[in-house]
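Me: Please take a close look at how charged side chains pair in this model. Then set that beside whatever else holds parts of the chain to one another.

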Amino acid sequence: MIENIKILQKELNIQFSDKVEDNFPLIWLRDHAKDELNWDERSNQRKTFTARIDSNLRIKEAIILENGKSLSILWSDLNSAIKYSHDFLRENIFSQKTNASNLKLWKSDDINVKTFIDYELATSKKGFKIFLKKLYDYGFCVIKDCKKELNTVEKIAKKIGYVRQSIFGGLWSFESNENMADSAYTSEELRPHTDATYSNDAPGLQLLLCCHYNAQGGESIMVDGFKIADVIKKEHKDLFDILSTVEVPGNYVGDGVFLESKRPIFKLNSNKEIVQVSFNNYDRAAFRLENDLMIKFYEAIKKFDLMANHHDFQWKYVLKPGELLIFNNWRILHGRKAFKGSRKMSGCYINKEDFDSVCKINNII
Ligand SMILES: [Fe+2]
C-alpha cells in the first residue's frame, strides 16, 4: 500500500508499506496519466503529447485514497485529478534489477529429468505453463510422445506464437542433404553454435522434432551459453570484455541471398547483464581488428569454444522418434554428434519477442 507521500521540487516521494520508497519525477508521473484525455484504454496507448508538457509542471494537490490502494494528483495543467494505482507505482520503482538473475544457469550435471514433458501435458491448459517455465528456466525442453508429423511442430509453435519465415521457409523437414549451403544438413558432427548470427534478429526459439531415426550416434547437444559467460566473467575478465564488446560478423551466402549481421558473442544490456549469446564458428565472416586485439580475440573464442565443447557444459541426448527438442537460441548453443544411418527431422523457428510475450502473459517473467 502507499503509506506516505511528500511533494518535492521536481519529484514526488512515495513510501510504500513494504518499506520501499522512491522519488518519482513529476514529469514521469504526468507522462503516465491514465485518464480518458491522456490514455487510450482500448489500445493501451498513450494519447499525451509528451513534448508539450510544461517542464515547470507542479502538483496542486496529492491525496492518498482507498487506504493506500491509489493516489490522486491534481496537476497544474489539468482540470481534473489523475488517479495512480499502488500496483502501477510499485511496479515502476527505479531498479537496476532485471529478470536475467532468475534464470537457472546450468552445467551438464545440473540437468536431469526436469527438462522432459509429455505432449499431452505440455499442450494442456494446465500443463502449458509448466512447460513454459521449464523452457524459460533451463533454456530448453524435450516434449515426448509427439505425433511424428510436421503438423505437431506447427501446433506447438502456434501455442507459443507463430512460425517464423526465414531463408529455410516456415516449417521445414530435412534429412542429410548435401545440396543445401547450410551445415545443418550434413550427417557430420555439428559443434555447438547458435543459429542465424547473420540475422539482425536471430530466431528466439528453435523446434526440432525427430520423425525418423534409424542410425547410430547423432546425440543432440545443448550448452548453456549464459553459464559459460558467467564462468568466463568470473575467471577471465579480460576475455569476457573482448567477447562482450567485439562485434563479430556472421553471414549466409548462397541459395540466392547474402545475409550479414554483427554483434558481440555476449550481448549485454545497459546494466551489463547478458541478453544474448551469438556464436557460430561456421558462419563467421572475415573481419579485422587491430593486430594485438585480433590475436586476443582468437584467444577469447578459443576459451569459449573449448568450454562449449567440454562435457562439463554439454547435455547430450539422442532424440527418439516422437521427441521434440525446443530451445532458446538466444541463450543455448546447440550441436549434434555425427551419425551413420538415416534421420528425419522437422522443425521451425519462433521469434524471441513472441517467446517473451507468452512468458509475460503466463506470468513466468
Ligand atoms: Fe543450427
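Reply: A salt bridge here is a side-chain nitrogen of Lys or Arg within 4 Å of a carboxyl oxygen of Asp or Glu. By that rule Asp-238, Lys-296 and Glu-299 are linked in a network of salt bridges. The model is predicted: local features need pLDDT of at least 70 and side-chain atom pairs pLDDT 80 or more, while totals for chains, interfaces and linings use all residues. Residues are numbered from 1 along each chain as its sequence is written, and side-chain values use heavy atoms, with hydrogens and water left out.

Helices (H or I, at least four residues) and strands (E, at least two) are DSSP runs, numbered from the N terminus. Lys-296 is partly exposed at 27% relative accessibility, and Asp-238 is partly exposed as well, at 40%. The classes are buried for under 20% relative accessible area, exposed for over 50%, and partly exposed in between, with a 1.4 Å probe and protein chains only.

The structure holds 15 salt bridges. Among them is one between Asp-230 and Lys-234, with a distance of 3.0 Å from N to O. Both residues belong to helix 6 (residues 225-235); they are four residues apart, which means a separation of about one helical turn. Asp-230 is partly exposed, with a relative accessible area of 25%, whereas Lys-234 is exposed at 66%.

Another bridge joins Asp-18 and Arg-90, where the closest N and O atoms are 2.9 Å apart. This pair links distant parts of the chain, 72 residues apart: Asp-18 is in the loop between strand 2 (11-16) and strand 3 (21-25), and Arg-90 is in helix 2 (residues 86-91). Asp-18 is partly exposed at 41% relative accessibility; Arg-90 is also partly exposed, with 24%.

Next, the metal site. The iron ion has His-193 (NE2), Asp-195 (OD) and His-334 (NE2) as its protein donors, at 2.1 to 2.2 Å. Donors are N, O and S atoms within 2.8 Å of the metal (3.2 Å for Na, K and Ca); water is not among the atoms, so sites may look incomplete. The donor spacing along the sequence reads H-x1-D-x138-H. Asp-195 is buried, with 12% relative accessible area, and His-334 is buried at 8%.

Aromatic rings supply a further set of links. Rings of Phe, Tyr and Trp (its six-membered ring) pair if their centres lie within 6.5 Å; planes under 30 degrees apart are stacked, over 60 edge-to-face, and the rest tilted. The whole structure has 17 aromatic pairs. One of them is Phe-140 with Trp-315: the ring centres are 4.7 Å apart and the planes stand at 45 degrees, so the pair is tilted. Phe-140 lies in strand 10 (residues 140-144) and Trp-315 in strand 19 (residues 314-317), so parts 175 residues apart in sequence are tied together. Phe-140 and Trp-315 are both buried.

The rings of Trp-172 and Tyr-349 have centres 5.7 Å apart and planes at 75 degrees, so this pair is edge-to-face. Here the chain is linked across 177 residues, from Trp-172 in strand 11 (residues 172-174) to Tyr-349 in strand 22 (residues 339-350). Trp-172 is buried, as is Tyr-349. Phe-140 and Trp-315 also belong to a cluster, in which ring pairs link them with Trp-106, Phe-116 and Tyr-317.

As for the chain as a whole, it has nine helices and 22 strands. Of its 365 residues, 48% count as buried. Its C-alpha atoms fill a box of roughly 75 × 55 × 40 Å along the principal axes.
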